[in-house]
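Visitor: I would like to learn how to read the features of a model. Please take them one at a time.

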Amino acid sequence: INEEILTYDTNFQRATVIERFIELAKELYEMNNYNDFFTVILSLYTPCIINLTKTFSKVDLNKKILLEEYVKIISTENDYVNMKKDIHKKIFKDSFK
């Protein structure tokens, strides 16, 4: 993912690719594919990508907000408590349909 983003020369092109990866993460999250979701978000939050401040200034604000929400979900804080809560919530929500 990092290599794909850094392949492009302009900030606008990189921002477009970042937005697409955020959309991919959203799809993975909605499909409950936490392994790949985790990988995509973690890749987008590596120093070589997150430090592209000029590029991120071109990313849609809603996408940046969504990325921040996803980063909170995969946080290692308290042994991944946010991710565990999210999975638990989805399991019980789906079982009552």
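Guide: Begin with Tyr 70, which is buried because its relative accessible area is 5%. Buried means under 20% relative accessible area, exposed over 50%, and partly exposed in between, with a 1.4 Å probe and protein chains only. This is a predicted model, in which local features need pLDDT of at least 70 and side-chain atom pairs count only at pLDDT 80 or more, while totals for chains, interfaces and linings use all residues. Residues are numbered from 1 along each chain as its sequence is written, and side-chain values use heavy atoms, with hydrogens and water left out.

Visitor: Which ring pairs with Tyr 70, and at what angle do the planes lie?

Guide: Rings of Phe, Tyr and Trp (its six-membered ring) pair if their centres lie within 6.5 Å; planes under 30 degrees apart count as stacked, over 60 as edge-to-face and the rest as tilted. By this rule the structure has five aromatic pairs. In one of them, the centres of Phe 37 and Tyr 70 are 4.9 Å apart and the planes stand at 85 degrees, so the pair is edge-to-face. Phe 37 belongs to helix H3 and Tyr 70 to helix H6, 33 residues apart, so that distant parts of the chain are linked; helices (H or I, at least four residues) and strands (E, at least two) are DSSP runs, numbered from the N terminus. Phe 37 has 0% relative accessibility and therefore counts as buried.

Visitor: What kind of pair do Tyr 29 and Phe 37 make?

Guide: The ring centres of Tyr 29 and Phe 37 are 5.1 Å apart with planes at 40 degrees, so this pair is tilted. Both residues are buried. Tyr 29, Tyr 34, Phe 37 and Tyr 70 form one aromatic cluster.

Visitor: How many residues does the largest nonpolar core have?

Guide: A nonpolar core is a set of buried Ala, Val, Leu, Ile, Met, Phe, Trp, Tyr and Cys residues joined through side-chain atoms within 4.5 Å. The largest one here has 25 residues, and those with the most contacts inside it include Ile 5, Phe 37 and Tyr 70. Helices H2 (11-30), H3 (34-44) and H6 (61-73) each supply at least two of its residues. H2 gives the largest share, eight residues.

Visitor: What does Ile 5 touch?

Guide: Contact means heavy atoms within 4.5 Å. Beyond its neighbours within four places in sequence, Ile 5 is in contact with residues including Ile 18, Phe 21 and Leu 44.

Visitor: How many salt bridges are there?

Guide: Side chains of opposite charge can pair when their charged atoms come close. A salt bridge is a side-chain nitrogen of Lys or Arg within 4 Å of a carboxyl oxygen of Asp or Glu. A search of the whole structure finds two. Lys 63 and Glu 23 meet at 3.2 Å, N to O; Lys 63 is in H6 and Glu 23 in H2, 40 residues apart. Asp 86 and Lys 89 meet at 3.9 Å, N to O.

Visitor: Is Asp 86 buried or exposed?

Guide: Asp 86 is buried, with a relative accessible area of 6%, whereas Lys 89, at 55%, counts as exposed. The side chain of Asp 86 also makes a polar contact with that of Tyr 34 at 2.4 Å. A polar contact is a pair of N or O atoms within 3.5 Å; within protein, one must be able to donate a hydrogen and the other to accept it, and residues adjacent in sequence count only if both atoms are side-chain atoms.
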